Amino acid sequence: MSTTTSTAAAFTRLFGHAPEGEWAAPGRVNLIGEHTDYNDGFVLPIALPHRTRVAARRRDDGLLRLHSAQAEGGVVELPVDGLTPGGVPGWAKYPAAVVWTLRRAGHRVGGADLSFESDVPTGAGLSSSAALECAVALAYRDLHGLGLGVAESALLAQQAENDFVGVPCGIMDQMASLGCEEGSALLLDTRDLSRRQVPFDLAAAGLELLVIDTRVKHDLADGAYAGLRAGCERAAALLGLPALRDLPADGLTAALDRLPVELRPLVRHVVTENDRVRQTVELLDAGELAAVGPVLTAGHASLRDDFGVSCPETDLAVETAVAAGALGARMTGGGFGGSVIALVAAGRGGTVAAEVRAAFAAAGHGAPRVFTATPAAGARRLG
Ligand code: GLA
């Protein structure tokens with residue numbers, strides 16, 4: 001490596017030899033298109049400037065040695081031959097999952113020393129786990145010359161999360177981490193993974209995007225996510241469709257009449273949300289960024305009232321941000337806590353953040369963490 005970064009220096013200190021390279025993969029926020037990815041629908045995420053860096057060196061003794069500057073407990077040592085789904089506790093399961101998935105896919109890869117450093121907030125709905133997985137996928141791709149493209153790497157990382165970690169997530173987070181570009185949002189068709197970079201120049205439009213991490217993560221999140229996914233799949237099957245993406249907006253009312261009452265709001269959310277992605281992209285393409293605000297707020301109402309994945313803290317953040325002058329706001333990510341995004345006029349971010357902090361304090365919630373996001377680059381090799 002030509003330059004010595006803090007991640008590389010930590011690696012050398014820990015493992016007693018220099019890394020072969022260093023990679024970084026970002027977290028994300030999704031502008032719009034929530035709970036659409038496992039319905040073969042559309043999403044529109046941006047990559048955050050926050051990223052997970054990994055310094056890596058291959059080992060030839062079949063050992064995976066993992067260290068994270070953000071975790072207690074020192075180096076975790078795992079024999080790659082012994083990796084089994086559900087068998088690795090804590091943060092180490094994410095990198096282990098990627099190595100296990102690569103091997104299951106027939107790639108002849110072995111152990112490695114991997115040292116991580118991350119500023120992606122964890123448990124905040126900002127895809128810290130996808131960032132970790134994608135950083136490892138890129139490191140292994142390059143160190144072993146695997147020649148995997150963005151979509152192939154993302155699918156591997158998603159399988160790692162589905163089959164080793166045990167979370168039945170869609171493909172959005174991994175595609176966002178690997179496929180986003182600076183200055184743009186990524187319009188992704190999650191059915192065939194075709195995609196387009198949609199310019200999202202906040203500064204030129206006189207806008208800022210606030211990310212409000214409520215610092216709340218409700219325990220029901222994982223089981224509830226799986227239940228919602230199953231409900232959507234059941235509705236599609238009852239309608240005789242491959243996925244809810246195949247239900248057009250003008251067929252919604254007739255379709256709802258054919259479904260059991262409890263599935264109707266789920267279907268309504270997914271169909272209207274795909275439409276909100278389309279509207280948002282049209283507005284961005286027309287350079288009308290401020291007009292996206294109400295679409296975001298409508299998306300939040302749908303997640304709250306129809307999909308049932310908001311919570312008092314995300315609702316309060318959205319309501320307060322809008323009352324304080326935000327052009328629009330919504331929860332982002334899977335829900336049940338996590339983060340809210342708010343589109344605000346440049347210079348208004350401080351006021352909106354202060355109002356949200358005050359409202360949280362008044363409601364007895366812990367202080368949220370607020371920062372401004374600009375669309376950053378996707379995962380890449382650093383050195
Ligand atoms: C989580 C999942 C994604 C997606 C979102 C909801 O972030 O990992 O695949 O389903 O929830 O849009």
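A salt bridge here is a side-chain nitrogen of Lys or Arg within 4 Å of a carboxyl oxygen of Asp or Glu. Run that search over the whole structure, which is a predicted model, and you get 23 salt bridges. Let's walk through some of them, then turn to the cysteines.

Start with Asp-173 and Arg-28, which form a salt bridge whose closest N and O atoms sit 2.9 Å apart. Asp-173 belongs to helix α5 (residues 172-179) and Arg-28 to strand β1 (residues 21-30), so this contact ties together parts of the chain that are 145 residues apart in sequence. As for solvent, Arg-28 is buried, with a relative accessible area of 4%. Asp-173 has 19% relative accessibility, and it counts as buried because the cut-off is under 20%.

Next up is a link between two strands. The side chains of Asp-113 and Arg-65 meet in a salt bridge, at 2.8 Å from N to O. Asp-113 is in strand β6 (residues 112-118) while Arg-65 is in strand β4 (residues 63-68), so the pair joins parts that are 48 residues apart in sequence. Both Asp-113 and Arg-65 are buried.

Now over to Glu-273 and Arg-330, whose side chains meet in a salt bridge with an N to O distance of 3.9 Å. This pair links distant parts of the chain: Glu-273 sits in helix α8 (residues 264-285) and Arg-330 in strand β10 (residues 328-332), 57 residues apart. Here too, both Glu-273 and Arg-330 are buried. If you're browsing the model around this pair, pick out Glu-34 and Arg-276 as well: together with Glu-273 and Arg-330, they are linked in a network of salt bridges.

At 6% relative accessibility, Cys-311 counts as buried.

Definitions and conventions
Residues numbered from 1 in each chain as written. Predicted model: local features only at pLDDT ≥ 70, side-chain atom pairs only at ≥ 80, totals over all residues. Heavy atoms only, no water. Helix = DSSP H or I, 4+ residues; strand = E, 2+ residues; numbered from the N terminus. Buried < 20%, exposed > 50% of the residue type's maximum accessible area, 1.4 Å probe, protein only.
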